[in-house]
Amino acid sequence: MTRFKSPALLILLSAVLAVGACDDEETGPVDIASEVEGTMAVSGTAAAVLNQADLVTVDLGGSSLEFWPYTGRTPTLGDAADPINLVLRGGADPRILRARLMYLDGDRSAFGMPSVFPFNCTWSDAIGGTQSTFATGFGWSGSAVQLQCGTYDPARLHLRFFPFGDWTVANSHFDLLIPGTTDHEVVSWELAEQIAWVDFLRLGGAPGVTGVINESPTYRQILAPVFAGLPADLKGLLLATNSITADGRLVNDGVAQTVTLPDVPLAGGGADIARQNLTVDFDQVIPRPFCSGDGVEFLKVTGPVSLDQQVVYIPNGTFTSHYHAKGHLDVIQINPATGEPTSEPYRALVNQQGRSVLTDQVNMVNDIQLQMEIRTGGRERGQLMLNMSIGPHGAGDVSGSASCKT
């Protein structure tokens with residue numbers, strides 16, 4: 001597998017990255033700085049976030065679903081993140097799809113795909129940030145089941161499922177781990193959509209397509225320093241597959257592939273337990289995520305962040321996932337022009353815990369994220385927190401706060 005890390009990318013990123021501030025929200029224990037600023041607190045339920053004009057209707061198999069054609073990082077701040085590009089019905093329960101996709105091999109040659117990454121990847125459970133979307137009559141649905149085709153580092157297809165009765169909508173995207181961070185950057189919607197759609201056809205699904213349901217012909221743009229640092233072979237692949245424009249915008253045709261899947265019962269047998277443990281060495285110069293006063297302060301942040309996930313499926317149909325990311329990081333303020341330190345070193349704590357449950361009756365996700373910085377001798381302390389819950393029964397709630405003490 002090609003590794004896409006680039007020294008040039010590291011240098012270019014240093015001027016623009018905040019801890020976890022990537023557009024793709026992708027997991028990171030510290031991806032909430034853009035949600036809460038200063039001492040402002042946000043809270044509330046999902047009511048009144050969306051209006052009728054935000055929703056679309058898709059008809060499939062004699063039935064229809066009205067839903068929001070995007071995913072969001074939080075249900076009350078209205079932050080559209082990724083476009084829905086797959087609509088599934090029939091045997092579309094995410095628990096079943098997880099098991100069936102993970103059983104597939106990476107041979108997609110029957111669909112004209114070569115035996116090279118990402119076209120020959122295989123599916124496994126993904127560590128990824130929690131997202132949600134909305135459907136009329138169901139409320140909010142969280143991404144309890146997430147899969148990856150490839151690996152967390154350096155590159156993967158990332159697939160999130162959002163179930164609504166016998167419907168499931170999904171987003172598939174191709175993303176890269178940004179070197180020296182726990183963040184991923186999306187570099188394609190279209191390529192990932194096509195590979196995932198092919199795999200649903202390999203499961204016996206009947207294909208179709210919606211009308212235009214979300215923004216086209218492009219949606220979002222690759223961060224400029226990430227785009228500038230893409231290796232030539234990867235950039236060539238993305239251009240050749242009509243995934244990006246020449247200036248780094250993400251091509252999105254606005255339609256979702258539909259698949260009507262055959263009914264398959266939930267698997268029996270014993271419990272299915274999957275674990276993964278990763279360590280990412282954070283090493284970046286970033287704008288101070290919060291408590292930066294009137295100006296922009298730049299921090300050199302280094303240290304390991306551990307990521308652990310356990311996914312359990314038991315024969316009665318209960319699927320649970322627990323994810324934990326934690327890091328004790330070394331921090332020093334620097335002059336970005338000279339690289340010289342402008343403060344004494346201090347410590348930062350980042351901590352994120354996510355829990356998901358999916359059964360025949362319940363779809364529930366909860367994500368708690370914390371950032372804390374402590375100056376030597378306790379002379380200054382900053383803290384940023386976000387707590388998001390989706391479900392049960394379509395409920396959505398988010399609360400957040402930031403505080404600074406000198």
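Is phenylalanine 164 buried or exposed? In this predicted model, in which residues are numbered from 1 along each chain as its sequence is written, local features need pLDDT of at least 70, side-chain atom pairs count only at pLDDT 80 or more, and totals for chains, interfaces and linings use all residues. Side-chain values use heavy atoms, with hydrogens and water left out. Phenylalanine 164 is buried, with a relative accessible area of 1%; buried means under 20% relative accessible area, exposed over 50%, and partly exposed in between, for a 1.4 Å probe and protein chains only.

The structure holds seven aromatic pairs. Rings of Phe, Tyr and Trp (its six-membered ring) pair if their centres lie within 6.5 Å, and planes under 30 degrees apart count as stacked, over 60 as edge-to-face and the rest as tilted. One of the pairs joins phenylalanine 138 and phenylalanine 164, which are tilted, with 5.7 Å centre to centre and 55° between the planes. Phenylalanine 138 lies in the loop between strand E8 (132–135) and E9, and phenylalanine 164 in strand E11, so the pair ties together parts that are 26 residues apart in sequence. Helices (H or I, at least four residues) and strands (E, at least two) are DSSP runs, numbered from the N terminus. Phenylalanine 138 counts as partly exposed, at 37% relative accessibility.

Tryptophan 189 and tyrosine 219 form another tilted pair, at 6.2 Å centre to centre and 40° between the planes. Because tryptophan 189 lies in the loop between strand E13 (184–188) and helix H3 (190–202), and tyrosine 219 in strand E15 (residues 218–221), this pair ties together parts that are 30 residues apart in sequence. Tryptophan 189 and tyrosine 219 are both buried. Ring pairs also link these two residues with Trp68, Tyr70, Phe134 and Trp140 into a cluster.

Charged side chains lie over two further rings. A charge sits over a ring if NZ of Lys or CZ of Arg is within 6 Å of the ring centre and within 35 degrees of the ring normal. The charged end of lysine 235 is placed in this way over phenylalanine 227, 4.3 Å from the ring centre. Arginine 375 lies over the face of tyrosine 346, at 4.1 Å from the ring centre.

The largest pocket holds about 390 Å³ of space. Of its 23 lining residues, those closest to the centre are Pro163, Phe164, Gly165, Asp360 and Asn363. Two or more lining residues come from each of helix H2 (94–103), strand E9 (139–142), strand E11 (155–164) and strand E12 (167–177). By class, the pocket lining divides into 10 nonpolar, nine polar and four charged residues. Here Ala, Val, Leu, Ile, Met, Phe, Trp, Tyr, Cys and Pro count as nonpolar, Asp, Glu, Lys and Arg as charged, and the others, Gly among them, as polar. On a 1 Å grid over the protein atoms alone, a cavity is a set of points where a 1.4 Å probe fits but cannot get out, and a pocket is an open set with protein on both sides within 12 Å along at least five of seven lines; lining residues have an atom within 4 Å of a point. Grid points are joined across faces, edges and corners, and a volume is the space filled by probe spheres set on the points.

Four cavities of 30 Å³ or more are found in the whole structure. The largest cavity contains about 150 Å³ of space. Its lining has 20 residues, and Gly128, Gln146, Gln309, Ser321 and Ser356 lie nearest the centre. Strand E19 (298–313), strand E20 (319–334) and strand E21 (346–358) each give two or more residues to this lining, and the largest share, four residues, comes from E21. The cavity lining divides into seven nonpolar, 10 polar and three charged residues.

A nonpolar core is a set of buried Ala, Val, Leu, Ile, Met, Phe, Trp, Tyr and Cys residues joined through side-chain atoms within 4.5 Å. The largest has 56 residues, and those with the most contacts inside it are Leu101, Phe161, Phe174 and Phe200. Its largest share, eight residues, comes from H3. Another core, of 14 residues, lies apart from it and includes Val56, Ile84, Val169 and Ala256.

The peptide bond from serine 216 to proline 217 is cis, with omega near 5°; proline 217 lies in the loop between strand E14 (206–212) and E15. The bond from glycine 391 to proline 392 is also cis, with omega near 0°.
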